[in-house]
Amino acid sequence: MSLPRIYIARLASLNVYDPNGDQVGRVRDTVARPRTGNQPPRVTGLVAEIAMRRRIFLPIGRVTAIDPGSVVLNTGTLNLRRFEKRPGELLVLEELLDRRVTIAATKTPAAVVDVAMEQDRTGEWSLTRVAVREHSGRLTRRGQLRQLEWSEVSGLTGTPDSQGTAGLLAVFDNMRPADLANVLQDLSNSRRLEVARALDDERLADVLEELPEHDQVEILSALNPERAADVLEEMDPDDAADLLAELPKPDQEVLLDLMQPEEADPVRRLLDYQPGTAGSVMTSEPIVLTPDATVAEALARIREPQLAPAVAAQVFVARPPMATPTGRYLGTVHFQRLLREPPAEILGGVVDNDIHPLRPDTPLPEITRRMATYNLVSLAVVDQNDRLVGAVTVDDVLDHLLPRDWRDRDPGAPDGNG
């Protein structure tokens with residue numbers, strides 16, 4: 001019995017399981033190959049993302065079941081060669097979603113909303129139907145949604161006249177920033193820039209922080225300066241400083257001048273530190289509270305959802321002012337200590353000050369040794385006046401210890417679609 005009609009946008013991000021029920025990856029796209037005449041393209045397989053962000057090809061013949069929440073394979077043996085699109089192949093989500101097409105019978109312009117694949121009696125899968133939304137020509141009215149046979153829509157193959165981004169963004173809306181960054185790396189240069197421009201400032205900032213430096217620079221440079229400055233304001237100051245450091249000095253100054261002063265000032269300070277030192281890798285916005293703050297207040301702060309886990313792992317205690325550079329640094333309180341103390345206890349009574357803070361010029365190898373020696377996830381950084389200027393977290397250290405191309409998609413892996 002043939003499997004039901006499957007709409008491909010609904011496949012995106014589904015878990016892929018082997019016959020034993022072990023997850024092997026997630027679906028990221030569907031591969032098809034166009035045929036001559038009016039025959040619909042033949043589906044050849046799926047693109048799945050497995051560990052280490054590697055994308056591999058799964059032949060459609062290996063798929064035994066497609067459920068609302070999963071894709072099941074008939075084997076646990078996979079070809080782990082990195083997927084590379086071959087000439088003539090079509091990536092359905094990347095190339096068809098939001099594509100501008102024409103309804104052949106009426107010559108009505110429309111945009112692709114989804115594409116369905118079906119299995120025939122021989123077990124072969126094809127792209128059979130296309131869901132499109134007509135262009136109404138009115139700003140206040142959405143066009144009619146129609147489902148048509150593949151042959152009833154023109155403009156589905158060849159170079160598109162234009163392609164929007166709303167559908168693709170909707171498909172990947174729930175992705176983690178790191179996963180979306182990996183998706184962007186697999187898009188063509190023009191498509192990557194289209195999607196990046198369509199993201200809102202906060203989402204684009206989160207994604208940029210997960211991209212390799214060369215992709216960060218490419219995307220930021222493609223934005224108009226005002227938009228680029230807005231995105232930099234949404235980034236953590238240390239990540240914004242790292243990105244700006246890749247730009248020529250005149251471009252740095254243009255963007256810093258366009259940023260709000262309160263957002264630009266900490267980034268400027270970070271850019272002044274020598275590369276490879278605590279000052280150059282630290283975050284200038286750790287959690288800082290006064291010694292008379294209570295444990296309950298500290299716990300409320302570390303529960304703030306926008307905080308990275310390494311930043312939320314401890315509270316730094318200092319005299320006012322609270323913004324870096326603070327007043328005199330007093331010590332730190334780890335979240336485990338906060339959980340053990342009465343909520344009304346003041347931080348000054350539980351502060352830990354037996355580990356010496358870093359100086360801004362402390363080199364990275366020394367930071368690494370000290371973190372490993374004391375099993376720390378962060379260390380305070382103070383200036384010559386013992387004012388807290390920031391904190392180095394373990395993720396900051398890892399970012400700078402790994403090779404510069406570690407964020408590149410599967411660097412050096414062999415190519416092929418098996």
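Biologist: In which strand does T44 lie?

Modeller: This is a predicted model, in which local features need pLDDT of at least 70, side-chain atom pairs count only at pLDDT 80 or more, and totals for chains, interfaces and linings use all residues. Residues are numbered from 1 along each chain as its sequence is written, and side-chain values use heavy atoms, with hydrogens and water left out. Strands are DSSP runs of E of at least two residues, and helices are runs of H or I of at least four, numbered from the N terminus. The run at residues 42-49 holds T44 and is strand β4.

Biologist: Is T44 buried or exposed?

Modeller: Buried means under 20% relative accessible area and exposed over 50%, with partly exposed in between (1.4 Å probe, protein chains only). T44 has a relative accessible area of 16%, so T44 is buried.

Biologist: Leaving aside neighbours within four places in sequence, which residues is T44 in contact with?

Modeller: Contact means heavy atoms within 4.5 Å. With those neighbours set aside, the partners of T44 are V31, A32, R33, F57, L58, P59 and I60.

Biologist: What is the bridge partner of V315 in β16?

Modeller: Strand β15 (residues 314-318) runs antiparallel to β16, and five bridges join them. Q314 stands opposite H334. For V315, the partner in β16 is V333.

Biologist: How many residues of β16 are buried?

Modeller: Strand β16 has six residues and is mostly covered. The number buried is five.

Biologist: Which element gives the most to the lining of the largest cavity?

Modeller: A cavity is a set of points on a 1 Å grid over the protein atoms alone where a 1.4 Å probe fits but cannot get out; lining residues have an atom within 4 Å of a point. L168, L169, F172, L180, V183, L184, L187 and V195 form the lining. The elements that give two or more residues are α2 (166-171) and α3 (177-186). With three residues, the one that gives the most is α3.

Terms used
1 Å grid on protein atoms, 1.4 Å probe; cavity = no way out; pocket = protein on both sides within 12 Å on 5 of 7 lines; lining within 4 Å. Pairing = 2+ DSSP bridges.
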